[in-house]
Amino acid sequence: MKTVNEVALLSGISVRTLHYYDEIGLLSPAATTGAGYRLYGDAELARLQQILFFRELEFSLGDIRTFLDDPAFDARRALLSHRKLLLMKRDRLEGLIRLVDHTLEGENTMSFIEFDKSAIEEAQKTYAAEVKERWSGTDAYAESQKKTAGYTDGDWEEIHREMEEIYQGFVSVMDGDPAGKEAQALAARWQAVITARFYPCTDEILAGLGDMYRTDDRFRRNIDRRAEGLAAFMAAAFRHRGERNQS
């Protein structure tokens, strides 16, 4: 496990940036000590490496989170795509260097093709196309894409604050019944946030989210850093909400 300062030194990005990545849900630590220090393990470092690859290729933070949080994300396939794009960037830079050299040597070469980034930009779009291909048949995906397309960093920070408040609410009632009044009120708030911020969250979708939070290691580890067993408690609360509404 590495502290946030150690990760900053290792990666060359600032502690403030790592804190921000945590705030927007892009990169959360594996654990937080009683004193509030963030700790990162191998899984978090691997995710950070992917984030930096994507940033090197000029993807937005919102797109990066969409890619990495997709349960179907394939790290090896992504690395192969990173390599392809980086080679394209290398070839473009080498072309620009040759153009500079020729100009310095006195050649009157009015060439502009070396500045063309269209091939790289087109290749970058394939990432988004792959995600869209997997989910394009769902109304939830279309609605989420429509709503989040114009979100600013400030919007994502506000969403994170909303969700963090609900997380802490669940932590405070974990010693009770997930079907109880307080837990169910929090489940309703979570469902409302998903609906308002992303896509219509039906009871069925809410229960599915709970199952994903409980069974997917990445989601469970991220949620349970607030309190051990939180993901399972939330999943139970979400399931009871659907059962109650059906009765």
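Mentor: Start with the term: rings of Phe, Tyr and Trp (its six-membered ring) pair if their centres lie within 6.5 Å, and planes under 30 degrees apart count as stacked, over 60 as edge-to-face and the rest as tilted. This is a predicted model, where local features need pLDDT of at least 70 and side-chain atom pairs count only at pLDDT 80 or more, while totals for chains, interfaces and linings use all residues. Residues are numbered from 1 along each chain as its sequence is written, and side-chain values use heavy atoms, with hydrogens and water left out.

Trainee: How many aromatic pairs are there in the whole structure?

Mentor: The search finds seven. One of them is Phe170 with Phe233, edge-to-face, at 6.3 Å centre to centre and 75 degrees between the planes.

Trainee: Where in the chain are those two?

Mentor: Phe170 is in helix 8 (residues 153-172) and Phe233 in helix 12 (residues 230-246), so the pair links distant parts of the chain, 63 residues apart. Helices here are DSSP runs of H or I, at least four residues, numbered from the N terminus.

Trainee: Are they buried or exposed?

Mentor: Phe170 and Phe233 are both buried, meaning under 20% relative accessible area with a 1.4 Å probe, protein chains only.

Trainee: Which residues do ring pairs link into a cluster?

Mentor: Tyr167, Phe170, Trp190, Tyr213, Phe233 and Phe238.

Trainee: New topic. What lies over the face of Tyr167?

Mentor: Arg226, at 3.8 Å from the ring centre. The rule is that NZ of Lys or CZ of Arg is within 6 Å of the ring centre and within 35 degrees of the ring normal.

Notes. Buried means under 20% relative accessible area, exposed over 50%, partly exposed in between (1.4 Å probe, protein chains only).
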